[in-house]
Amino acid sequence: MSVGLLAVVDDILSAALKASAKSAGVVIDDAAVTPQYVEGLSPARELPVVGRIALGSLANKFLIIIPIAMVLTAFAPWVLPWLLIVGGVYLCFEGAEKVLEWFGFHHGGHEDEGGRDEKRLVMGAIRTDLILSTEIMLIGLASIDAELGFWMRLAVLAIIALAMTALVYGAVALLVKLDDIGLKMAKSTSEQVRHTGTRIVRSMPAVFRVISVVGTVAMLWVGGHLVLANLGEVGWHAPVDLLHGVEHALEPLGPVVVWFGDTLVSAIAGLAVGLVIVGIALVIGKAFGKNLSFAEGHAAPATPHASSE
């Protein structure tokens, strides 16, 4: 009996590892997107906020994504592409709004009122996580052997959910506390440790700026790819055929160039979709006499952890 149980556990872990590997790209995107939601918070609030977002991510996976995915896979698999299109459009919208902010186009409600609104930024991060986690879990579900039974597939998805959440938010927690680690190192009695700590602290503003850019590009890339790929699934093949055409044209140059071309086309498509949605939202807002605000809390300051000094 114990041997049979170990065999089942081994099968589940093997299936989870295989499915998780195919989700790696989206995991990187999730880890790149999340830190910008805690940028500008006081150091004491960073880990609690990351923890709240991580709990929200687990709720997304276990209370929403996994139950719905299992039910729809069994009874209405045709709905899944439409859900992914909606999720992709939302990511495109968020990414395009951030790009507009880079160029000085700010909407109402961004004024600094003495600190970011934690409730709003946490909810915004959880909404974004819902989209990225949905793709992670659906990629995982699609990678599971169809011959596995219902409970085996459910167990594999549960392991993927726990592992991916721990990986993403563990990395985010470490990242946002690097400057505090640097500050402690800068007070060391060892000159070499102090020098390393000082370099870490001084590099963090640039690191967070890079993360903000990477996170925004990741939103546009993942969102655009979701829209392009799933439009093909629901019957409109032209957008995904264009993407595949670019991939085939770049194949002689190697897989890295193919990946870059795919990413670039998806990100451009995501930006175009996002700008259209931003425009529609603004027009609707003006029609109802409202000045819409799309920021979570308010715009983050340019330099994080000023209070850490």
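This is a predicted model: local features need pLDDT of at least 70, side-chain atom pairs count only at pLDDT 80 or more; totals for chains, interfaces and linings use all residues.
Helices here are DSSP runs of H or I with at least four residues, numbered from the N terminus, and the expected span of a helix is 1.5 Å times one less than its number of residues. With that in place, helix α3, residues 43–75, has 33 residues and reaches 47 Å from its first C-alpha to its last, close to the 48 Å expected at 1.5 Å a residue.

Residues are numbered from 1 along each chain as its sequence is written, and side-chain values use heavy atoms, with hydrogens and water left out.

Staying with α3, there is a kink of about 35° at I65, shortly before the proline P67, where the bend at a residue is the angle between axes fitted to the seven residues ending there and the seven starting there.

Let me turn to the aromatic rings. How many aromatic pairs does the structure hold? There are two, counting rings of Phe, Tyr and Trp (its six-membered ring) whose centres lie within 6.5 Å, with planes under 30 degrees apart called stacked, over 60 edge-to-face and the rest tilted. The rings of F150 and W151 have centres 5.0 Å apart and planes at 90°, so this pair is edge-to-face. On accessibility, with a 1.4 Å probe and protein chains only, buried means under 20% relative accessible area, exposed over 50%, and partly exposed in between; F150, at 39%, is partly exposed, whereas W151, at 65%, is exposed.

The other pair, W221 with W259, is edge-to-face as well, at 5.5 Å centre to centre and 90° between the planes. This pair links distant parts of the chain, since W221 sits in helix α8, residues 191–233, and W259 in helix α10, residues 255–287, 38 residues apart. Here W221 is buried, with a relative accessible area of 17%, and W259 counts as partly exposed at 47%.

Also in α8 is V214, which is partly exposed at 40% relative accessibility; V214 and A31 are 183 residues apart in sequence, yet their C-alpha atoms are 10.0 Å apart in space.

Finally, D180 belongs to helix α7, residues 178–186, and is buried, with a relative accessible area of 15%. The side chain of D180 makes a polar contact with that of K177 at 2.5 Å, a polar contact being a pair of N or O atoms within 3.5 Å, where within protein one must be able to donate a hydrogen and the other to accept it, and residues adjacent in sequence count only if both atoms are side-chain atoms.

How values were computed:
Helices (H or I, at least four residues) and strands (E, at least two) are DSSP runs, numbered from the N terminus.
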